[in-house]
Amino acid sequence: MRVYLCRHAQAAPGEPDELRELTPEGVEQARALGIQLAELDEPPRLVLTSPLVRARQTAEAIARAVRVEAQVEEALAPGATAAGLAEALAGLQGPIATVGHQPDCSEIAYDVLGRDPGFPVAGMAEVELHT
């Protein structure tokens, strides 16, 4: 399945970590990422997101741009793995955009691609994941 593996946009510092929101720059980054995904030949049919606020805000911006639904997926919470993501995607139709965190995005990409394409804030890499 084609997966657009995305890192959340820039978030403000603070505690608790789970409640950190996007900065104004992060809101713009998320919007731009959504436009980028919407313009693909095969845009995502669904956006799955970590439950953390900054990831949900990024996913909502992507979902608005692509005109699809965003759903919280616990398998994308910090500590996410390629195996956990593959399990969460089982039975779904792709392509799917996921919004997660670092270093998880890099580790998942490395497991699937054999390399880390790098994930700046609002970064994205396309991978084929076997579900």
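User: Exposed means over 50% relative accessible area, and buried means under 20%. This model is predicted. Where is D111 placed, and is D111 buried or exposed?
Analyst: D111 sits in helix α4, which covers residues 104-113. Its relative accessibility is 56%. The cut-off for exposed is over 50%. D111 in α4 is therefore exposed.

User: How far apart are the C-alpha atoms of D111 and R2?
Analyst: Along the chain, D111 and R2 are 109 residues apart.

User: What angle do the axes of helices α1 and α2 make where they cross?
Analyst: Helix α1 spans residues 24-38, and helix α2 spans residues 53-66. Their axes come within 8 Å. The crossing angle is roughly 40°.

User: Why are α1 and α2 called oblique, and what is the handedness of their crossing?
Analyst: The axes cross at roughly 40°. Roughly parallel would need an angle under 35 degrees, and roughly perpendicular would need 65 to 115. The pair is therefore oblique. The crossing of α1 and α2 is right-handed.

User: Which residues of α2 make the contact with α1?
Analyst: From α1, the contact draws on A30, R31, L33, G34, I35, L37 and A38. By class, the contact has nine nonpolar, two polar and one charged residues. The α2 side supplies T58, A61, I62, A65 and V66.

User: How many disulfides are there?
Analyst: A disulfide needs two cysteine sulfur atoms within 2.5 Å. For C6, the closest cysteine sulfur is in C105, at 7.7 Å, so the gap is too far for a bond. C105 is likewise in no disulfide. The count of disulfides is zero.

User: Are C6 and C105 buried or exposed?
Analyst: C6 has 0% relative accessibility. C105 has 2%. The cut-off for buried is under 20%. So C6 is buried, and C105 is also buried.

User: Which residue does a cis peptide bond join to E15?
Analyst: The bond has an omega of about -5°.

User: Where is P95 found, and what is the omega of the peptide bond from G94 to P95?
Analyst: P95 is in the loop between α3 (82-89) and β4 (96-100). The peptide bond from G94 to P95 is cis. Its omega is near 0°.

User: What is the phi of R67, and is R67 buried or exposed?
Analyst: R67 lies in the loop between α2 and β3 (70-72). R67 is not a glycine, yet its phi is positive, about 65°. With a relative accessible area of 77%, R67 is exposed.

User: A122 also has a positive phi. Is A122 buried or exposed?
Analyst: A122 is in the loop between α4 and β5 (124-128). A122 is not a glycine, and its phi is about 60°. Relative accessibility is 15% for A122, and the buried cut-off is under 20%. So A122 is buried.

User: Leaving aside its neighbours within four places in sequence, which residues is E128 in contact with?
Analyst: E128 is placed in strand β5. E128 is partly exposed, with a relative accessible area of 42%. Beyond those sequence neighbours, its contacts are M1, R2 and V112.

User: How far apart are the C-alpha atoms of E128 and P78?
Analyst: Along the chain, E128 and P78 are 50 residues apart. Their C-alpha atoms are separated by 21 Å.

Conventions. Residues numbered from 1 in each chain as written. Predicted model: local features only at pLDDT ≥ 70, side-chain atom pairs only at ≥ 80, totals over all residues. Heavy atoms only, no water. Axes fitted to C-alpha atoms, helices over the stretch in contact; angles between N-to-C directions. Helix = DSSP H or I, 4+ residues; strand = E, 2+ residues; numbered from the N terminus. Parallel < 35°, antiparallel > 145°, perpendicular 65-115°, else oblique. Left-handed = near helix turned anticlockwise from the far one by under 90°. Contact = heavy atoms within 4.5 Å. Nonpolar A, V, L, I, M, F, W, Y, C, P; charged D, E, K, R; others polar. Buried < 20%, exposed > 50% of the residue type's maximum accessible area, 1.4 Å probe, protein only.
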